[in-house]
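Q: Please take a close look at a single part of this model. Keep it brisk.

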Amino acid sequence: MEENMTKQRNKIQENDSNNVTGNNILKNYSSWSQELDSEEEDNINENGPLRVTSSCNRPIAERDDNCTLTTIAEDKMRRQLKFFFMNPIEKWQAKRRFPYKFIVQVFKIVLVTVQLCLFAHNNYMHVNYTWDNRITFSHLFLRGWDATLEVPAYPPATGPLALYKKDAFFSTIDYALAGYYNLSNSIGSYSYNTENNMPGTVELCLHHYKESIIFGFNESYVFDKEIIKTCVNITKEFHDKFNKSKNLLSTQNVDVNFSALVMAYLKFAVKTVNLKAAGPMTPPDCYQFNIQIIFDNRDLDGQMLLSLDAEPRRLYCKGDTRYIMDNQIESALRTLLNLLVIFICSVSLVLCSRAIYRAQLLKFDTMNFFKKIYGKELSLEGKLEFLNLWYIMIIINDLLIIIGSAIKEQIERKYFGSDHWNVCSIFLGTGNLLVWFGVLRYLGFFKTYNVVILTLKKAAPKVARFLICAILIYAGFTFCGWLILGPYHMKFRSLATTSECLFALINGDDMFATFTITSFKSPMLWWYSRIYLYTFISLYIYVVLSLFISVIMDAYDTIKIYYRDGFPKNDVQTFISACTDEASSGLFRDGCDKSDITELIDRFCCCRKRPSYGSFSGSSTDFSIKNEQTCGERGERGEGGAICV
């Protein structure tokens, strides 16, 4: 052992005297140790960079074995940390390590984007088709429906579709039943939901209070708030017999008390086939629409709101035997794409999880090294250097895309209904958003493109504190406007719409309409609304937004100064900065002749030896360079202190 130690010291002295590479370990150590105040000091205070013994500043021939071996370990740890924080290109130059995660992310972006485009097209056709059918059903089954109600306008040109007379209630039910029983008269290819294509059962459900009698003339009432549900099944024969819904209900002993009526629903279903969805490899889609006409009388204010809802449910088509194209090709290709996306996202998830795990192992190694060699704990900023938030974001988007792809596959196999289209859209859309955000990680390796990321990172704490103050003021204006202006202004009817209106005003949207759309009877409220709006707009546009921009600009100016004068460094970065070895110098290669497949298996299994620094405080004979033994005698190849990671 003694002979090996002497050999190592001689090798260090030879490298130092010849100065062949200029990147040997002693040069790294001496360049770092020049930051210390003096040779006579045993350590630096806790705010200093690191603590080392002054005996290691002596000439090489006068250094003891412990000092020499400590210098070797320092240089190894520097190179290990420097390699860890390299970008994929530098890692390739340093160790010819193939950038697996980078290639996986590139393939994932392509596959996920293609998948999203295909699903977005199908989702648009699905939603647009169901919306158009809802408009059609409104014309067929809703009495009083007009084309002006088809497109929501702001401000609305007309009032809501509503009933105001008792006869209108029964007439609306009769109109819907007549339209349902004459379904063949519609332009659309609609059918009944029965096997023989005969009109099915229509269900009329009334939700009313158990007892509600109002005596307005003497200001008295009888009221029981319990809600009772009464349903009546209406068949075509039953309807033809009585002709009028009022007579039909009376024969069923159903008395409609409009003072107690809360809600009423008229429910039936129709089927149809969407031929527009058919393409070169896409068959038509079959649907069943569960239609319900809603009579909303919850306010009991004499205005019964009328609306129609049509919930689509995709069915498995049985008549595609006469369809010219074979839809098995389309189904197989879409399934293959979904499986590829799930596979590539799973690989990305495993690689990023493994990278986070190995980063934590290296963090503990670094903490142990600093504690044993320098007698100090690693700072919080230094520990956070080993937590890569980009990897966490990639893991999140991988999970979202895997779940969304699984739901998408079930939708395309017609296992799920309409609600799952929206759920799948949320998962795939959010996942794709984070995937494209992840591209910024690789652009961040270039200084020109890294300014935005660094500016946001620098400004984040100040922006958070600023937003807390701004949100408190915003909340005060929101609650005030909702309370005072809500009964008289359509934009302030609810807390949510009030917040949306104020946010729109901050961005300069629709200011004049907000001032003019009012129905105040009190001059006091009119003046108060003006003062309220002028104060809010002036405060947020001229003060708050300007301060917010100044906070961002201050962070941007700070980043520009950092680019010019250098970025502040924590203890880990200060420790690494002493290593001036270039990535292409060859000193980072471990010398182990492993194939790419063997290295990939080792990396997946996290097969690496963690260095032990527990024996530095003992004698020189207790220290063994285990990392060098793993890859062979590195001193014989003249590679100095390079390590095997």
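Q: Which residue takes a positive phi just after H16?

A: That residue is Gly566, with a positive phi of about 105°. Some ground rules come with this predicted model: local features need pLDDT of at least 70, side-chain atom pairs count only at pLDDT 80 or more, and totals for chains, interfaces and linings use all residues. Residues are numbered from 1 along each chain as its sequence is written, and side-chain values use heavy atoms, with hydrogens and water left out.

Now the helix itself. H16 covers residues 523-565, 43 residues in total. Helices here are DSSP runs of H or I, at least four residues, and strands are runs of E, at least two, numbered from the N terminus. From first C-alpha to last, H16 reaches 62 Å, close to the 63 Å expected at 1.5 Å a residue. The expected span is 1.5 Å times one less than the number of residues.

H16 also bends, by about 35° at Tyr540. The bend is the angle between axes fitted to the seven residues ending at a residue and the seven starting there.

As for the setting, the protein has 19 helices and seven strands. Of its 645 residues, 42% are buried, meaning under 20% relative accessible area with a 1.4 Å probe, protein chains only. Take the contacts (heavy atoms within 4.5 Å) between residues at least 6 apart in sequence: 71% join residues at least 24 apart.

Notes
Buried means under 20% relative accessible area, exposed over 50%, partly exposed in between (1.4 Å probe, protein chains only).
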